[in-house]
Amino acid sequence: MQGLLDPPRQGFTSRNVLDALAWYPIVGYDAGYELLDSQDNPVSDLSEYLVKAGSKVARDCNADVHGSCVLNTEYPHNWGVDRVKIYYLVYCEAVPLGPIRFDQGVFTLVTPGLPLGTSTPVYPSTGYDNLYRLSTPIGDAYSVAAGANVLSAVRTVITTVTGSSHIILDGSKSSSTLADAKSWSAADAATVTWLQVVNSLLSAVSYRPLWADWNGYYRSEPDTDPATRPSEVVFGAGDTAVARFIDSRWAEHVIVSDSGRSLNRTAWNQPNWWRFVQSGLSFQPVEGAGQYTVQNLSAGPTSQAATGRVIKAPVQFLSATGQADLQAQGDLIAAKAVATAESVTFSTAPWPVAAHFDVLTLADPTLPGAETRRLVAQSWSLPLDGKDMDWVANVAQPVDGGLWSGNAAPPIRPANVDPPPHLGQTYITPARRP
Amino acid sequence: MYTASVALTLPVLLDPSNPRTQLVTGTGGLGQGTSAQRVHAYQQGGEVREYAAGRERMVLTQSNSRQIPLVFKACTPAQRRLLVDVWPGRLLLFRDTYGTRVFGSYLAESVQHIPRASLGDVADIGITFQRLTFTDQV
């Protein structure tokens, strides 16, 4: 999630931003976009050409290219070449400094339409974020030698292919090197993209696949179990213990839509057994040496205990630096798989600080089993005409019991339910209003 | 230097690209009828949105429309052609005795024929002038 006071919001206070996004009873929304040069610097503001109705910014964190936009514009762009930065503005009379701007990413407009029969056409165009620039086939054989610095190799690919130097890679693995060479043959050149090359390199150091942020910067950081990541925001949807604990005026600050919320479960052969094998070994792997098996015996509704059977996932070969790395990667994959068993769809008021795989807490008294769920946002869609935005989020720690299992007993609070979030982790209610 | 001043007695609608083409509201071409009403309707875009737990929040949009209903009384056939066939969808300028200058246009008009043979083929024509974002600054 973007920081509340990340640029260009340095001149505001957290209270300003929270007033505008959630607290104050009257708010106004607007949006605009800028044409950028080859280094993503703004050239001119084209907001006057933007037709906000039907325009939107969206993110699917599991797609190849995560960020996309639908831009209805009267400006005849150089389609497929022009890059634009879309921004969202929030007006609030409690914030006298003026509208608060939230950048939404850099997009290449690639699929315009030309309406016929009108003298002033509005071009409905689809754009993709800066990952799009890496989504081209490598075109020839490519390799990275064993012993090469992984993050340097990633930077080299990004800079060479896109010309961009806007790269933010977490430095915790800055000295990690490749244990084995990585190579892509000429036979793969037509199907393998530079983005896949980069993500393959990043996975070698257990980094999250590359993503492009709200400024168009390329980012990656260590991948972690979503259940262990702290919640960045609490969305309250009613009277819950969490809401009362962190905000005495919670009822005045609700931005979750009243309708359209649903908790969804995927029960179709969700695996509860995984086997991971280290690729590139020169010996036969056995458990504990090049092989790692994980079983979900009792956690959540897809566990072996809950389903009464063992559902095996296909064996996965991982590029790992050793047994410990293999186990770390395997545990992460298994944890993510468990977290996909349940998802929540809901809408909120525009929350333009949304970013990539945000961790949210939904406090909703109508949730079965427990009134809070820690969620990992999988996708969201922000209309540019001020309408509410839609979210789909996985439940990081599925909760069994209650209505799901047909249990007629009163809902119980399982031991693994989130504790009340720390105040420092919440955006909506970090402090009580005077 | 020659300075001309114009004293408007009634609201007038004119073609800014050819200011001589103008119509005075109320009087119409035959100089009959009553003065135009001075009703300007303003509308701030927005809605009251309902959220969970009964929270209600007013959400504003940037639109702030201004509509001016106008009636041209007893228009001649030439004026009727101007109002019905030429001006709809064209950028026009509204001026009144209070110094108001509003650029805008209109799309629909209501024509009420006056069944009095002594007046000839005349009609009252009503439009709703819609302000548009435009300035003539150079």
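This is a predicted model: local features need pLDDT of at least 70, side-chain atom pairs count only at pLDDT 80 or more; totals for chains, interfaces and linings use all residues.

Residues are numbered from 1 along each chain as its sequence is written, chains are lettered from A and ligands numbered from 1 in the order in which they are written, and side-chain values use heavy atoms, with hydrogens and water left out.

First, some background: most residues other than glycine have a negative phi, and most peptide bonds are trans. Now for the exceptions. The peptide bond running from A:Pro7 to A:Pro8 is cis, and its omega is near 10°. You'll find A:Pro8 in the segment before helix H1 (14–23) of chain A; helices here are DSSP runs (H or I, at least four residues), strands are runs of E (at least two), and both are numbered from the N terminus.

Then there's phi. A:Asn269 is not a glycine, yet its phi is positive, about 45°. This residue lies in the loop that links strand S14 (262–265) to strand S15 (273–278) of chain A. Another non-glycine residue with a positive phi is A:Phe357, at near 50°, and its place is the loop between strand S19 (342–348) and strand S20 (359–363) of chain A.

Are these two buried or exposed? A:Asn269 is partly exposed, with a relative accessible area of 39%, whereas A:Phe357 is buried at 14%. The cut-offs are under 20% relative accessible area for buried, over 50% for exposed and partly exposed in between (1.4 Å probe, protein chains only).

On to the bigger picture. Chain A is split into domain 1 (136–220), domain 2 (226–266 + 341–432) and domain 3 (273–335), with bounds from an automatic or database domain assignment. Between the centres of domain 1 and domain 3 of chain A, taken over C-alpha atoms, there are 25 Å. Their contact (heavy atoms within 4.5 Å) takes five residues from domain 1 of chain A and four from domain 3 of chain A.

Together, domain 1 and domain 3 of chain A bury about 420 Å², 34% of it on carbon and sulfur atoms; that is the accessible area (1.4 Å probe) the two parts lose on being put together, summed over both. On the domain 1 side, A:Asp180, A:Ala204 and A:Ser206 lose the most area to domain 3 of chain A, together 58% of what that side buries.
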